[in-house]
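Dear colleague,

I am handing over the structure below, and I would be glad if you kept it open while you read the notes that follow it.

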Amino acid sequence: MFGVWTGWGAPADVEYEGICSRMVGAICGMCVGLVLLVGALVLLGWNEGRAVHTARALEAGMKTFVNVPCTPISPALEGRLVHLTCDVGNMQNLTDPAFQVAIKAIQMDRSVEMFQYKESTTSHSDGKVVYTYSTVWSSHSINSKSFKFPNQCIVPGTSFTQDCTNPPFPDMGKNSMTSVNVTAGDFLIPPKLFDESIASRGLSFQPVWPIPLTWPFSYVSPTANRNVMLNQTQRQGDWLWTSLNPAYPVVGDLRLKWKASSPTMVSILAEQAGRILQPWQSSGDSIFLLREGAVSAMEMLGDAEGRNEVATWAIRVGGFLMCWFGLHLIVAPLAVAPNLIPFFGSLLSDLVGCVLCYLTCASGLALSALVIGIAWVAYRPVIGIPVLAVTAGTLCGVCILGAIRRQRMRAAREAVVGGGMAFAPSPSPRYPMMPMPPTPPFEPTPYPLSVSPEYRPPKDPCCPQFGMV
């Protein structure tokens, strides 16, 4: 093992992993790859069913919803899908129990991050493993006890190393507070609707600033051993910092942010059950939508259709990537095995790895398309069966053309006789050709055996000595 300097605050250590341990790791990765492959295929099939059920529910909702006033509640619409746009009432003063931050809102969320050490690992095909250490802001605790080289962290601004010890993450209780018994006109909004609207971004959140601290709060940094007061002069962006200088934080410093949603008017699409609004269940999926402001029912349902399409394609891409990665892990031992060859094993391993990467990508794409096509046959037979038939016909045509081409190439190879190509006789012409007359035999002119005395060859101007007088 030897260290490699990679810049301030980012030292790295390198160790080499033996071929046996890499092969064992690749074989263990085969099991993980098999699990990923099965999970990807199940996810792709489930996603198609989810998309179809959601689309059917939204289509049914467009045909059955009813616009209702905020007050009074009509008993005749019990169990119907209703749409209402009303002012929000009965919002509570939400209080953060850890910091006593209070604000009147439907929901308030707190984000806490700590400046900590982080280990990054990069593996190479020749067995080299590079461990890099840096400092990052993280919203969860990073266990520094599991670091490979816990004493290789650079002191900021110097070239000295120190132990990479992260302090314990402070336990501040729950990070989200929600109002209860919130009303829209005479209707009661359940907290579950707020959670679903936040997930679908139906409610907007704004940073809470200035932070209404009801009493001064101090935080003791476990590494700097100092007591830092939280006040609004240490703001950077939307964050409240515990660092003396936010430009140079130290490990153990915190930064906090609060955001809240306080709409004055909301639009809701749900089932009327007395005074309570609940999800409307159709033959497909359920409808339970909330949007901030005055939004029509058709616009809400159209936005839900767009989110459903985006989610469908996102899960398709994610399922394909899972399938690709799973297949790559399954065949990973084939890329590790060439390392057994001396001298050229590493280069050969890289080449085999590249080839396997392309092959697993193509196989994962084909397998994902096959699963999606089968799911369409099950959930959308009117569309799925013709598409699958056209796809199968195209594949069969490609296979038949390939077989014909291979047969012609085999026949051409078999026609090679004695090193030469035996060409097939040319077809007969359309019109018969006239017979050509026979060519007379060649008779050479006899060379004279004697030269006439009157013959005088010309003198050569360059060589007169060869001339005759």
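Helices (H or I, at least four residues) and strands (E, at least two) are DSSP runs, numbered from the N terminus, while axes are lines fitted to C-alpha atoms, for helices over the stretch in contact, with angles running from 0 to 180 degrees between N-to-C directions. This is a predicted model, in which local features need pLDDT of at least 70 and side-chain atom pairs count only at pLDDT 80 or more, whereas totals for chains, interfaces and linings use all residues. Residues are numbered from 1 along each chain as its sequence is written, and side-chain values use heavy atoms, with hydrogens and water left out.

Helix α3 (residues 297-330) packs with helix α5 (residues 345-379) at an angle of about 135°, and their axes are 8 Å apart. That makes α3 oblique to α5, since angles under 35 degrees count as roughly parallel, over 145 as roughly antiparallel, 65 to 115 as roughly perpendicular and the rest as oblique.

Cys361, in helix α5, touches Phe320 and Trp324, not counting residues up to four places away in sequence. Cys361 is partly exposed, with a relative accessible area of 24% (buried means under 20%, exposed over 50%, partly exposed in between, with a 1.4 Å probe and protein chains only).

Elsewhere, Asp186 sits in the loop between β12 (182-184) and β13 (187-189), and its C-alpha atom is separated by 6.9 Å from that of Ile73, 113 residues apart along the chain.

Best wishes

Conventions. Contact means heavy atoms within 4.5 Å.
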